[in-house]
Amino acid sequence: MEQSKVKLTITASACRCGYHRKGDEFLVEDICPPLCHELWNSIYPSVYTLLNGGVLDYGNGKSRCFDAKCPDGGRVCIHGEAVGDKEE
């Protein structure tokens, strides 16, 4: 099985620095995308899990995606999902 990729999408943004905008997308394969360090630090465990074929608790079930908010008061919302699985 090849490693998954994780697509990150900014779903809402009131970033104080204006760094992230709603609709920005990043494809993570094995290296940190150009996200602010605070946001990346908070989502990295979920990204790592998905990159390595894992599933996450999501509500009452399990999923290959997550939603998170920036630790700076939730100013940026991000959605992550596993894409490009090669297992067949």
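Helices (H or I, at least four residues) and strands (E, at least two) are DSSP runs, numbered from the N terminus. The model is predicted, so local features need pLDDT of at least 70 and side-chain atom pairs count only at pLDDT 80 or more, while totals for chains, interfaces and linings use all residues. Residues are numbered from 1 along each chain as its sequence is written, and side-chain values use heavy atoms, with hydrogens and water left out.

**View 1. Strand 1 and its partners, strand 6 and strand 2.** Two strands pair if DSSP finds at least two bridges between them. Strand 1 (residues 5-13) runs antiparallel to strand 6 (residues 76-83), and eight bridges join the two. Within this pairing, Ile10 has Ile78 of strand 6 as its bridge partner. Strand 1 is also joined to strand 2 (residues 25-28), again antiparallel, by four bridges. Here Thr9 stands opposite Glu25 of strand 2. In a regular strand the side chains alternate between the two faces of the sheet.

**View 2. The largest nonpolar core.** Such a core is a set of buried Ala, Val, Leu, Ile, Met, Phe, Trp, Tyr and Cys residues joined through side-chain atoms within 4.5 Å. Buried means under 20% relative accessible area, exposed over 50%, and partly exposed in between (1.4 Å probe, protein chains only). The core has 19 residues, of which Leu8, Leu35, Leu39, Ile43 and Val47 touch the most other members. Strand 1, strand 2, helix 1 (37-51) and strand 6 are the elements that give two or more residues to this core. Helix 1 gives the most, six residues.

**View 3. Aromatic rings of Trp40, Tyr44 and Tyr48.** Rings of Phe, Tyr and Trp (its six-membered ring) pair if their centres lie within 6.5 Å; planes under 30 degrees apart count as stacked, over 60 as edge-to-face and the rest as tilted. Two aromatic pairs are found in a search of the whole structure. The ring centres of Tyr44 and Tyr48 are 5.8 Å apart and the planes are at 45 degrees, so this pair is tilted. Both residues lie in helix 1, four residues apart, about one turn of the helix. Tyr44 is partly exposed at 37% relative accessibility, and Tyr48 is partly exposed at 45%. Ring pairs link Trp40, Tyr44 and Tyr48 into a cluster.

**View 4. Lys62 in strand 4.** Strand 4 covers residues 61-63. Lys62 counts as exposed because its relative accessibility is 60%. Leaving aside residues up to four places away in sequence, Lys62 touches Val55, Leu56 and Asp57, where contact means heavy atoms within 4.5 Å.
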